[in-house]
Amino acid sequence: MMSEAENSCVTKGMDEKRYEILTQNCGKLAVYVQGDIEKMDSKAVFLTVHDIGSNHSSFHTFVEHACMTEIKQRSIFIHVDVPGQEDNAPDLPVDFHFPTIQMLGEDLVAVLDHLKIKFVVGLGEGAGANILVRFALAHPARVLGLVLIHCVSTGVGMMEYFKDKILNWKLQSVGMNPSAEQYLVLHKFGTQLEMVDNKEKLIQDYVENLKKRINARNLKRYVEAYMNRKDISIAIENNLKTMDVMLVTGTKSAHVQAVHTMLARMNKQKTTFMKFDRVGDVVQEAPEKLAQNLLLFVKGLGLLTSVTLPGVDRQRNLPPVEHKTLGAVGRRRTLSMVDYDMPRPRRTSLTITSLAEK
């Protein structure tokens with residue numbers, strides 16, 4: 001039996017509704033809704049899950065960006081916080097059994113069931129993207145498509161394992177410190193951060209956000225769960241063949257090679273691959289490009305077909321240098337404005353890749 005507590009709150013100048021939804025394996029999940037959930041039948045519904053070292057506010061900020069205005073007006077965003085990762089969260093109880101990444105993925109269905117949501121487009125970053133893949137594998141009928149930023153499908157490699165061991169020890173013994181910060185900065189921004197013009201501000205803002213908002217002891221438990229994840233590459237190859245997926249990364253990301261590894265397992269006819277040049281943190285450094293390609297992707301699913309963003313039509317008809325369109329969305333019958341924005345079961349594949357990958 002699910003229980004719920006909800007209240008309206010204001011985050012970054014926008015009203016959002018907060019829910020606490022009880023799940024089978026993860027306890028209560030804090031869920032934040034942007035948009036009018038009473039009108040979900042005429043809107044696109046996105047389900048977001050955040051990376052380690054952050055919480056739902058990272059996606060909230062992206063949705064609030066000016067480039068997302070048209071998409072936001074016709075969409076609902078369901079943001080999930082992993083246990084203990086909310087702003088200024090107290091320490092999780094000592095006897096709380098922190099869920100595995102697999103449990104987190106499987107339990108997301110409780111969020112949809114409680115909010116009476118039939119279908120979603122998953123939008124996740126890093127560890128959150130991995131969680132959403134597991135959700136899609138466990139409940140494919142509830143997912144129209146996946147947008148996965150810096151997603152890693154393999155288990156933990158040896159170098160990552162030892163780095164995570166150091167991070168966990170530091171977080172457990174002294175909380176946030178320079179060594180832990182350096183690892184999280186590397187995870188967030190990638191190995192080529194030195195080439196970013198505003199790197200000092202990016203690092204300072206990110207670290208200050210960690211210190212002020214994220215509970216270090218709780219973060220350690222999320223990192224540990226992610227470190228203990230199982231390889232899902234074979235499951236993806238065997239069971240994700242018919243789902244539309246967009247893989248997103250940047251050339252400066254620490255995870256770019258891992259994304260290529262995942263791409264090799266994907267059905268190329270159903271997969272969109274985006275690699276942004278000179279970018280490490282896609283959400284923060286390239287929100288306009290992400291918004292444009294997010295819209296192209298969901299239009300291929302039959303969603304938000306009446307929405308236009310600067311440059312989107314140009315990308316569809318005259319691809320710029322850095323992208324190549326390999327597939328096309330079929331012509332649809334004339335619809336009313338309301339009908340245009342309603343989800344439709346027929347989905348087509350739109351495959352985009354960087355010319356650098358040719």
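**Exercise 1. Find which residues Lys220 touches, leaving out those up to four places away in sequence, and decide whether Lys220 is buried or exposed.**

Solution. Start with the contacts: beyond residues up to four places away in sequence, Lys220 touches Asn168, Leu171 and Gln172. Please keep in mind that this is a predicted model. Finally, turn to accessibility. The cut-off for buried is under 20% relative accessible area, and Lys220 has 13% relative accessibility, so it counts as buried.

**Exercise 2. Work out how far the prediction can be trusted, by its pLDDT, along the protein chain.**

Solution. Begin with the average: the protein chain has a mean pLDDT of 82, and 80% of the residues score at least 70.

**Exercise 3. Describe the protein chain as a whole: its secondary structure, its burial and its contacts between residues 24 or more positions apart.**

Solution. Count the elements, and you get 14 helices and 11 strands. For burial, 56% of the 358 residues count as buried. For the contacts, take those with a separation of 6 or more; residues 24 or more positions apart account for 74% of them.

**Exercise 4. Characterise how helix H3 meets helix H4.**

Solution. First the geometry: the axes of H3 (residues 101–115) and H4 (residues 127–138) come within 8 Å and cross at roughly 65°. The crossing is right-handed. Now list who takes part. H3 brings Ile101, Gln102, Leu104, Gly105, Glu106, Leu108, Val109 and Leu112, while H4 brings Asn130, Ile131, Leu132, Arg134, Phe135 and Ala138. Among the H3 residues in the contact are Ile101, Leu104, Leu108 and Leu112.

**Exercise 5. Explain why helix H1 is described as largely enclosed by the rest of the structure.**

Solution. Helix H1 covers residues 57–64, and six of its eight residues are buried, so it is largely enclosed by the rest of the structure. The buried ones are Ser57, Ser58, Phe59, His60, Phe62 and Val63.

**Exercise 6. Examine the positive phi values of His150 and Leu304, and say where each residue lies.**

Solution. Take His150 to begin with: its phi is near 55°, a positive value in a residue other than glycine. His150 lies in the loop between strand E7 (143–149) and helix H5 (158–174). With 3% relative accessibility, it counts as buried. Move on to Leu304, which is not a glycine either and has a positive phi of about 55°. The loop holding Leu304 runs between helix H12 (287–300) and helix H13 (312–317). Leu304 is buried, with a relative accessible area of 0%.

**Exercise 7. Locate Thr251 and find what its side chain reaches.**

Solution. Thr251 belongs to the loop between strand E8 (244–250) and helix H10 (256–263). Its relative accessibility is 24%, so Thr251 counts as partly exposed. Then compare sequence with space: Thr251 and Phe276 are 25 residues apart in sequence, yet their C-alpha atoms are 6.2 Å apart. Lastly, the Thr251 side chain reaches the backbone nitrogen of Arg278 at 2.7 Å.

Notes. Residues numbered from 1 in each chain as written. Heavy atoms only, no water. Axes fitted to C-alpha atoms, helices over the stretch in contact; angles between N-to-C directions. Helix = DSSP H or I, 4+ residues; strand = E, 2+ residues; numbered from the N terminus. Left-handed = near helix turned anticlockwise from the far one by under 90°. Contact = heavy atoms within 4.5 Å. pLDDT = per-residue confidence, 0-100. Buried < 20%, exposed > 50% of the residue type's maximum accessible area, 1.4 Å probe, protein only. Polar contact = N/O pair within 3.5 Å; in protein donor to acceptor, adjacent residues only side chain to side chain.
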